[in-house]
Amino acid sequence: MKLLALIKKEFYRFFRDPRLIVTMLLPGILIFALYSILGNAIYSEEEEARAYRIYLQGESSLVTVLEEVIKESGDTVEFLPLEDEESAKAEIEEGEAAAILVFPEGFDETLLMGVFGETKPAVRIVYDPSDEASMTFYSIASATLQEIGSRFEIAPQSVRSEPELGREVMTTILPFIIVCFVFSACMSVTLESVAGEKERGTLATVLVTSARRSDVAIGKIVPLACVSMLGALSSFLGIALSMPKLMGMSLGFLGTYSVWSYILLLPLLLCIVPLIVAVIATVSTLSRSVKEASAYTGVLMILVMVVSIITSFVPSFGDWTVVVPVLNAVVYMQRILQGGLPVWQSLVSVGVNLLYTAVLVVIITKMLSSERIMFGK
Amino acid sequence: MKDIVVRADSLHKTFTLSRRQRKLEKTGETKKVAVDGLSFSACRGEIYGLLGPNGAGKTTTLRMLSTLIKPDAGDASVMGHSVVKESGKVRDCVGFMTSELKLEKFFTPDYLFQFFGAMHGMSKDKIAERKRDLFTRFGVNAFAGVKVGDLSTGMLQKVSLVISIVHDPDVVIFDEPTNGLDVLTAKVVTDFLMELRAMGKSVLLSTHIFSLAEKLCDRVGVIIDGKMAAEGTLEELCGGFSLEDRFFSIYRDLKGDVL
């Protein structure tokens, strides 16, 4: 009953204060807007002069047109006969060639005669969407050819499968970004709610009632974790939805993960929220003011960020990481995003993180009972 | 013989002074004895006043009795419960009001009353009944829906008062009850304290205002340097003199002619 009243009070405090809601949800909206604008700017800005190496199969007068268009833009292009498509694709992947351009046999004659049969002839362009030069050539070629006529189609083909590209990006960046956003979301509400209340003397007013110290601790952690999850979700959605524009790709790869991947990802993501809230709440309870708590939390944030980003550079961690808080969630989120299904490791990691949270709740309870910490000058 | 509801038994409390505090108090001592073997008792249906200068140990004593802090030695009981061993039970039968305890500015008196009622384990009906009674008596209804941050000092003091006694405690502890109040609110508070006494509640208050002690207190304990310097009913203590004259006489006897 008392615990419920404490939890309801925190929710009431948050959801009745428009400023808190805005500060919680705004980062996600801003990230979406900023990254989208940034993505558009990256893919529309003028590039320096490039020398494109293009493997060509089949003949067409459109090649000359394309060559002129590219030269007019200040770039140069070299067309090479396509002998082995696989080795040409390998060169594209390595960034040595920009694209393969394939015209069907008798392409120009077919266009002139206007006899297409049931399907229009298609110009195949093989390129690498993750390579800037290759992507630019593809954009120029497809735009030029589309301008010339609608009697044929363009069949784009990526040397990388989109899921593979998406996974690469998501695996390296996403877990780190998630942890950063979760931390900043937790920090904004927890510092104010715990260190702020302690500094203002309103926490002491609650401690003078017969509510148990453990109820006061849980009554803070549970609602703050829920609110932080909301903020983290907002930021996460902001970046997930703007990433296609930023990376020049679609969200289609998200569908390549199985339901089990998402089922495992969700608890891994959620279990770090109460843990981080509990860590910040511990520091806040220990601190005498919001300023002091902010300083300590800043150091903690750097530590957590380093732990999260280190996984991008170290290719594989052993299963011992299940016992390391936060790192375990990041490592197994990466494994899942790479296409793996580390079931037991993920479940143990969730359990371990929740256990650490429980330990911190006990520590906070002890600190709330300590007059030196709560009332020391 | 009246029931003893509050009994302090050789209470002792020492604080460690920080470097900043040592500098402020111009002392090299790292420890400060705030309360030094204090014993007294307060009975049901009486107002007991702790009278003393600033730094005498009045507030520390009240904080120990309300279980905010623990004594280093000695113990105290409130309604038969030890402040050291049964702090939860003590908090259920004590209402503590001090400027140290603040209310969140974001909430309204209405919400806070319900919240603190729930914190004391009261039912919704009981809270509603108590709210009707106290809000009417202290004139809180007029600003019950206004955020605490927007209230005047007098209004805020009234709200703090009604919230501290939301659970209808048997023992009410007030640290400097009329400090910072306008004359009208101070009158409401002193009248209410007398009313609490009439209802059989025990009131413990600290003050350095002689007139307030003379007006309200049935018994007074004079604290100087954390020790009980004198105790008794006003008649016993004053012996025909005014409380102010008697206090300074006690002070002079203990500290020498330093005034």
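Over all chains, the count comes to 30 salt bridges, a salt bridge being a side-chain nitrogen of Lys or Arg within 4 Å of a carboxyl oxygen of Asp or Glu. This is a predicted model, in which local features need pLDDT of at least 70 and side-chain atom pairs count only at pLDDT 80 or more, while totals for chains, interfaces and linings use all residues. Residues are numbered from 1 along each chain as its sequence is written, chains are lettered from A in the order in which they are written, and side-chain values use heavy atoms, with hydrogens and water left out.

Select A:Glu197 and A:Lys9. They form a salt bridge, with the closest N and O atoms 3.3 Å apart. A:Glu197 lies in helix H7 (residues 162–200) of chain A and A:Lys9 in helix H1 (residues 2–15) of chain A, so the pair ties together parts that are 188 residues apart in sequence. Helices here are DSSP runs of H or I of at least four residues, strands are runs of E of at least two, and both are numbered from the N terminus.

Now show the whole interface. Here 25 residues of chain B are in contact (heavy atoms within 4.5 Å) with 25 residues of chain A. The two chains bury about 2500 Å² between them, 64% of it on carbon and sulfur atoms; buried area is the accessible area (1.4 Å probe) lost on being put together, summed over both parts. In chain B, select B:Glu104, B:Phe106 and B:Met119, which lose the most area to chain A, together 26% of what that side buries.

Next, select helices H10 (residues 259–286) and H11 (residues 290–313) of chain A. They pack at an angle of about 145°, with their axes 9 Å apart; axes are lines fitted to C-alpha atoms over the stretch in contact, and angles run from 0 to 180 degrees between N-to-C directions. To see the contact, display A:Val279, A:Ile280, A:Val283 and A:Ser284 in H10(A), which meet A:Ala293, A:Tyr296, A:Thr297 and A:Leu300 in H11(A).
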